[in-house]
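My entries follow in the order in which I made them.

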Amino acid sequence: MADDDQKLRVRLVGRNGRRRYEAASKERLVASCLEPGVSVSRLALEHGVNANLLRKWIKKHTATRSLPRSPPSAFIPVQLEGASDRALSRGSSVAMVGLPALR
């Protein structure tokens, strides 16, 4: 009985043979595929679904799942102009005036 609960349930089969699956059972299957060391191909074969379709579901699931946002930093970056930076900026303008142009 527990094995039947784990199987992928078909919600609807269209006239063309295309199957629609229950969202809850599909989510369970995708969640079990995301566990480490699990073969996606083996699970697809066991559940009677195409492995490429299952990989598409996994890709869609991981794309829609948003990453948790990191809290804003408590520190604000401030750039201070050091004494050596000030001397370079002043010296470079003076030095450029006094130097002949290099060609």
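**Entry 1: Ser25 and ground rules**

I began with Ser25, which sits in helix α2. The model is predicted, with local features needing pLDDT of at least 70 and side-chain atom pairs counting only at pLDDT 80 or more, while totals for chains, interfaces and linings use all residues. Residues are numbered from 1 along each chain as its sequence is written, and side-chain values use heavy atoms, with hydrogens and water left out.

I took helices (H or I, at least four residues) and strands (E, at least two) as DSSP runs, numbered from the N terminus. Ser25 has a relative accessible area of 2% and is therefore buried. For that label I used these cut-offs: buried is under 20% relative accessible area, exposed is over 50%, and partly exposed is in between, with a 1.4 Å probe and protein chains only. I then listed the contacts of Ser25, leaving aside neighbours within four places in sequence, and found Lys7, Leu8 and Arg9. Contact here means heavy atoms within 4.5 Å.

**Entry 2: the chain as a whole**

I counted 5 helices and 2 strands in the chain. Along the sequence they follow the pattern α-β-β-α-α-α-α. The chain has 103 residues, of which 14% count as buried. I also looked at contacts between residues at least 6 apart in sequence, and 36% of these join residues at least 24 apart.

**Entry 3: α2 against α4**

At what angle do α2 and α4 pack? I read about 85 degrees between helix α2 (residues 23-33) and helix α4 (residues 51-64), with their axes 10 Å apart. The axes are lines fitted to C-alpha atoms, for helices over the stretch in contact, and angles run from 0 to 180 degrees between N-to-C directions. The two helices are therefore roughly perpendicular to each other. The angle classes I used are roughly parallel under 35 degrees, roughly antiparallel over 145, roughly perpendicular from 65 to 115, and oblique for the rest.

From α2, the contact uses Lys26, Glu27, Leu29, Val30 and Cys33, and from α4 it uses Leu54, Trp57, Ile58 and His61. I sorted these by class and got 6 nonpolar, 1 polar and 2 charged residues. In this sorting Ala, Val, Leu, Ile, Met, Phe, Trp, Tyr, Cys and Pro count as nonpolar, Asp, Glu, Lys and Arg as charged, and the others, Gly among them, as polar.

**Entry 4: the core**

I next looked up the largest nonpolar core, which has 12 residues: Leu8, Tyr21, Leu29, Val30, Cys33, Val40, Leu43, Ala44, Val49, Leu54, Trp57 and Ile58. Such a core is a set of buried Ala, Val, Leu, Ile, Met, Phe, Trp, Tyr and Cys residues joined through side-chain atoms within 4.5 Å. At least two of its residues come from each of α2, α3 (40-47) and α4. In soluble globular proteins, nonpolar side chains tend to be buried together.

Leu43 lies in helix α3 and is buried, with a relative accessible area of 9%. Beyond four places in sequence, Leu43 contacts Leu29, Ser32, Cys33 and Val38. With the same exclusion, Trp57 contacts Leu8, Tyr21, Lys26, Leu29, Val30 and Val49.

**Entry 5: aromatic pairing**

How many aromatic pairs does a search of the whole structure find? I got 1. The ring centres of Tyr21 and Trp57 are 5.5 Å apart and the planes stand at 75 degrees, so the pair is edge-to-face. Tyr21 is in strand β2 (residues 19-21) and Trp57 in helix α4, 36 residues apart. Rings of Phe, Tyr and Trp (its six-membered ring) pair if their centres lie within 6.5 Å, with planes under 30 degrees apart counted as stacked, over 60 as edge-to-face and the rest as tilted. Both Tyr21 and Trp57 are buried.

**Entry 6: residues with more accessible area**

Val10 lies in strand β1 (residues 10-13) and is partly exposed, at 36% relative accessible area. Outside four places in sequence, Val10 touches Arg19, Arg20 and Tyr21.

Is Gly48 buried or exposed? Gly48, in the loop between α3 and α4, is exposed at 60% relative accessible area. From Gly48 to Lys7 I got 9.2 Å, C-alpha to C-alpha, across 41 residues of sequence.
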